[in-house]
Amino acid sequence: KMSANPLITAVETERERIGVEKLQLSTAIEQAKNDAQASEIESAKMIIASRQQGIAALRLAREHAVKLEEAALAERDRLFELRNSRLSLAKERLDLSLAKVDDELSKAAKLAQSLQAQADELEQRAAAEP
């Protein structure tokens, strides 16, 4: 029995060591699973953050495009107003030029009438002289 006792003790010690190793191994496996899940969660968080950044960038780009479009429309309106203003000014100048031409034609017509009257008078005098 004495020789069996150290053998039993050795077997029990070995069982305890195996039990401790099994516990350590199952703890390591559980830790590895937890680490893998944590890694997957972090990866998912990074993907979500990246998508959110992409969405934010798209929103900014859309807002910028809208502002550019509004600025382009405002510039187009300003150019139309400028063109209309220039056309209006050109029309006023043309009206003034036409008024001057009318005035000059009127003066020329009066001068022609006056010259015709003088010519008629000279003709009458010449016809009256013997």
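# Legends for the close-up views

**View A. The side chains of K107 and D103 come together in a salt bridge, with N and O 3.7 Å apart.** A salt bridge here is a side-chain nitrogen of Lys or Arg within 4 Å of a carboxyl oxygen of Asp or Glu. This is a predicted model, in which local features need pLDDT of at least 70 and side-chain atom pairs count only at pLDDT 80 or more, while totals for chains, interfaces and linings use all residues. Residues are numbered from 1 along each chain as its sequence is written, and side-chain values use heavy atoms, leaving out hydrogens and water. Helices (H or I, at least four residues) and strands (E, at least two) are DSSP runs, numbered from the N terminus. D103 is partly exposed, at 39% relative accessible area. For such labels, buried means under 20% relative accessible area, exposed means over 50%, and partly exposed lies in between (1.4 Å probe, protein chains only).

**View B. E75 and R78 form a salt bridge through their side chains, at 2.8 Å from N to O.** Both belong to helix α1, which covers residues 4-128, and being 3 residues apart they are separated by about one helical turn. As a general idea, side chains of opposite charge can pair when their charged atoms come close.

**View C. R125 pairs with E121 in a salt bridge whose closest N and O atoms are 2.7 Å apart.** The two residues are 4 residues apart in helix α1, so about one helical turn separates them. R125 is partly exposed at 49% relative accessible area, and E121 is partly exposed at 40%.

**View D. Salt bridges link E14, R17 and E21 into a network.** How many salt bridges does the structure hold? There are 8 of them.

**View E. I41 lies in helix α1.** With 46% relative accessibility, I41 counts as partly exposed. Follow the chain from I41 to R62, 21 residues apart, and their C-alpha atoms are separated by 31 Å. The secondary structure of the protein comes to 1 helix and 0 strands, and its C-alpha atoms fill a box of roughly 190 × 10 × 10 Å along the principal axes. The radius of gyration is 55 Å, whereas a compact globule of 130 residues would have one near 14 Å. That radius is taken over C-alpha atoms, and the globule rule is 2.2 Å times the number of residues to the power 0.38. Buried residues make up 0% of the 130 residues.
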